[in-house]
Amino acid sequence: MKFINSKTEQDIREQLIKSHKSLFEDEEERRLLTVVRKNFSNMLTAYILHWIPEQGEDFYKILINDSIVVDIELDKVNQDTILIMSSMPVSKYKLGLSRVNQIRLIIAIDLAQKDLKKKN
């Protein structure tokens, strides 16, 4: 899929950049970042693809580097309860995605690859 610089792509890119910045810089996301780093020690960059806040927990779908997508559930009440529901290679995750979610994933991978190049 090629980028066409549409408004949708621009909006998604901005959201992903904000999610990345929030994950690495905001105190509210410190717990999530700690969980990711603990379970993926080779993580150099990450982008939150989806975040679903629920009453008792938060669900995250995160791209780690440019190759793994992980589902994380953080319990809001019991700070010690962390459930990593699944992790999978990008090739498996992208099967059956809607068009918008495909675009979101491709943009996140593009951003992650740029981050990885900077760090090498």
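Predicted model: local features only at pLDDT ≥ 70, side-chain atom pairs only at ≥ 80, totals over all residues.
1. Strand pairing, β1 with β2. Seven bridges connect β1 and β2 in the antiparallel sense. The two strands form a hairpin, with three residues between them. Within this pairing, His50 has Lys61 of β2 as its bridge partner.

2. Strand pairing, β2 with β3. Strand β3 (residues 68-75) runs antiparallel to β2 and is joined to it by eight bridges. Here Asp58 stands opposite Leu74 of β3. This hairpin also has three residues between its strands, and Asn65 in the turn shows a positive phi of about 50 degrees.

3. Burial of β2. Of the eight residues in β2 (residues 57-64), six are buried, leaving the strand mostly covered.

4. Nonpolar cores. The largest nonpolar core comprises 17 residues; Leu16, Leu49, Leu63, Val69, Tyr93 and Leu105 have the most contacts inside it. At least two residues of this core come from each of α1 (7-25), β1 (46-53), α3 (90-93) and α4 (99-119). The most is given by α4, with seven residues. Another core, of 15 residues, lies apart from it and includes Ala46, Ile62, Val70 and Leu74.

5. Surroundings of Tyr93. Neighbours within four places in sequence aside, Tyr93 is in contact with Leu49, His50, Lys61, Val69, Met88 and Leu105.

6. Aromatic pair. The count comes to one aromatic pair. Trp51 and Tyr60 form this pair, which is stacked, at 6.3 Å centre to centre and with 15 degrees between the planes. Tyr60 is buried because its relative accessible area is 6%, whereas Trp51, at 49%, is partly exposed.

Technical notes:
Residues numbered from 1 in each chain as written. Heavy atoms only, no water. Phe/Tyr/Trp six-rings, centres within 6.5 Å; stacked < 30°, edge-to-face > 60°. Buried < 20%, exposed > 50% of the residue type's maximum accessible area, 1.4 Å probe, protein only. Core = buried A, V, L, I, M, F, W, Y, C linked by side-chain atoms within 4.5 Å. Helix = DSSP H or I, 4+ residues; strand = E, 2+ residues; numbered from the N terminus. Contact = heavy atoms within 4.5 Å. Pairing = 2+ DSSP bridges.
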